[in-house]
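Here is a short report for a first look. Please view the sequence and the structure before reading on.

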Amino acid sequence: MAELIYRNDLASPADVEGFIMEGEAKVTFPEGRMRLENALDPALGQAANFVFWCPAVLPDCIRIEWRFRPLREPGLAMLFFAASGLAGEDLFDPALAPRSGEYGQYTHGDIRTLHLSYFRRRYEDERAFHTCNLRKSRGFHLVAQGADPIPDVEDCKEFYSLSLTKSGPDVAFAIDGLPILAWRDDGKSYGPVLGGGRIGFRQMAPLIAEYSELRVYQL
């Protein structure tokens, strides 16, 4: 039976005390839900994007659940997970290079992580065919892809329940109970299988989105 090991309602400023922001963003809590929005002009490109890291260092073999609602497009929402230094250091070890939200720092820097982009409304060709993409870093390795069932903002009237499972080499993702993608890491093609680490919410400007009810279960 899964055991709840981390719970955060993401309902007030007190809930995100200890969270670490890389880049610049506005974090507010209208109606008791965390709202994230870029603080810099989207014309700055990657410099306008950000990552908001949860303070908990999580083990392997977990299920991460959270609720999500997009409020403004275009943009992209992503979750980093199993994140650590290349040699297994904590993600915030002072020996690691500073990060400021620019994507290349996370894909080609001195960290390793898995990252799931689950709401993509950034590029014109992607708007015609929405997908959820799972990548492994170091590098920019697309390892799994599935259809994105979340509608565009104008038709999105509610929160969606997201569930991400990471258990050794196996990763699976579902939205409102609908399986979206699954992948098994062979530990060879793109480096060794990742274990535990940190999780972080990433957004690409000018997306505005709300989050609530973050839960992590040990499997």
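## Strand β8 and its partners

Strand β7 (residues 75-85) pairs with β8 in the antiparallel sense, over nine bridges. Within this pairing, F80 stands opposite H115 in β8. This is a predicted model.

β8 also pairs with strand β9 (residues 131-137). That pairing is antiparallel too and runs over five bridges.

How many residues of β8 are buried? Strand β8 covers residues 111-121, and ten of its eleven residues are buried, so the strand is largely enclosed by the rest of the structure.

## The cavity

Empty space can be found by rolling a probe the size of a water molecule over the atoms. The structure holds one cavity of 30 Å³ or more. About 40 Å³ of space lies in the largest cavity.

Which residues line the largest cavity? They are L58, P59, I62, F81, A82, K166, G195, G197 and I199. By class, six of the lining residues are nonpolar, two are polar and one is charged.

S212 sits in strand β15 (residues 208-218). Is S212 buried or exposed? Its relative accessible area is 6%, so S212 is buried; the cut-off for buried is under 20%.

Leaving aside residues up to four places away in sequence, S212 touches D9, L10, R33, W66, R67 and F159.

## Cysteines without disulfides

A disulfide is a covalent bond between the sulfur atoms of two cysteines. To count as one here, the two sulfur atoms must lie within 2.5 Å. By this rule the structure has zero disulfides.

C61 is partly exposed, because its relative accessibility is 27%.

C132 is a further case. Its sulfur is 13 Å from the closest cysteine sulfur, which belongs to C156, so the two are too far apart for a bond. C132 has 0% relative accessibility and therefore counts as buried.

Technical notes:
Residues are numbered from 1 along each chain as its sequence is written. This is a predicted model: local features need pLDDT of at least 70, side-chain atom pairs count only at pLDDT 80 or more; totals for chains, interfaces and linings use all residues. Side-chain values use heavy atoms; hydrogens and water are left out. Buried means under 20% relative accessible area, exposed over 50%, partly exposed in between (1.4 Å probe, protein chains only). Helices (H or I, at least four residues) and strands (E, at least two) are DSSP runs, numbered from the N terminus. Two strands pair if DSSP finds at least two bridges between them. On a 1 Å grid over the protein atoms alone, a cavity is a set of points where a 1.4 Å probe fits but cannot get out, and a pocket is an open set with protein on both sides within 12 Å along at least five of seven lines; lining residues have an atom within 4 Å of a point. Grid points are joined across faces, edges and corners, and a volume is the space filled by probe spheres set on the points. Ala, Val, Leu, Ile, Met, Phe, Trp, Tyr, Cys and Pro count as nonpolar, Asp, Glu, Lys and Arg as charged, and the others, Gly among them, as polar. Contact means heavy atoms within 4.5 Å.
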